[in-house]
Amino acid sequence: MNKIINILNKLFNKKETNLKDETLGLNEAFNLIKEFAITGSIEHQFTLAMMYDMGQGTLIDKEKSFYWFKKSAELGHAQSQHNLALMYYNGEGTKRNIQLSFHWYKKSAEQNIVESQNSLGLMYFIGEGTEINKKQSAYWLSKAIKNGDESAKIFWKTYNLWEYE
């Protein structure tokens with residue numbers, strides 16, 4: 001772990017950055033993070049998924065990103081659950097599956113991920129991945145609003161969701 005921190009500190013604390021050095025450093029950090037992810041570290045699984053998703057230290061690989069998000073999501077990592085829901089929704093790295101997207105948004109929303117609370121509220125409102133349930137829509141969107149989500153506030157006002165509380 002200290003080796004990863006040292007590599008990342010060197011990368012981000014350089015006054016002058018050589019792109020070749022930065023790439024080598026990210027590749028080395030990627031390999032170390034992957035080792036920890038394989039041993040079952042949830043945070044490293046999440047980080048590895050993000051690195052695959054954004055092509056940091058490796059090539060972009062949505063299938064591998066999906067795999068690692070799923071591993072850490074199944075172990076309860078809230079942000080991984082949200083990202084997995086998004087990948088199922090968009091069909092990135094996997095076949096599109098709205099029901100599984102709904103399932104993972106719910107798990108993440110229950111752990112207070114505001115973006116998932118908003119998405120879940122919208123899915124309940126239009127019946128995407130679930131039956132239409134305006135009361136549940138109002139419940140989840142009100143949680144998102146309490147957590148600072150401005151788009152949930154606009155949706156709430158536009159569709160008079162206070163009527164379903």
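Visitor: Which helix holds serine 116?

Guide: Helices are DSSP runs of H or I with at least four residues, numbered from the N terminus. In this predicted model, serine 116 sits in helix α7, residues 114-126. Numbering starts from 1 along each chain as its sequence is written, side-chain values use heavy atoms, without hydrogens and water, and local features need pLDDT of at least 70. Side-chain atom pairs count only at pLDDT 80 or more, while totals for chains, interfaces and linings use all residues.

Visitor: Is serine 116 buried or exposed?

Guide: Buried means under 20% relative accessible area, exposed over 50%, and partly exposed in between, with a 1.4 Å probe and protein chains only. Serine 116 has 0% relative accessibility, so it counts as buried.

Visitor: What does serine 116 touch?

Guide: A contact means heavy atoms within 4.5 Å. Leaving out residues up to four places away in sequence, serine 116 touches His82, Tyr105, Ser108 and Ala109.

Visitor: How would I check the span of helix α3?

Guide: Multiply 1.5 Å by one less than the number of residues. Helix α3, residues 42-54, has 13 residues and should span 18 Å; its end C-alpha atoms are 18 Å apart, so the two agree.

Visitor: Which residues of α3 are buried?

Guide: An α-helix has 3.6 residues a turn, so residues three or four places apart point the same way. In α3 the buried residues include His44, Leu48, Met51 and Tyr52. Just after α3, glycine 55 takes a positive phi of about 70°.

Visitor: And the whole chain?

Guide: It has nine helices and zero strands, and 38% of its 165 residues count as buried.

How values were computed:
Helices (H or I, at least four residues) and strands (E, at least two) are DSSP runs, numbered from the N terminus.
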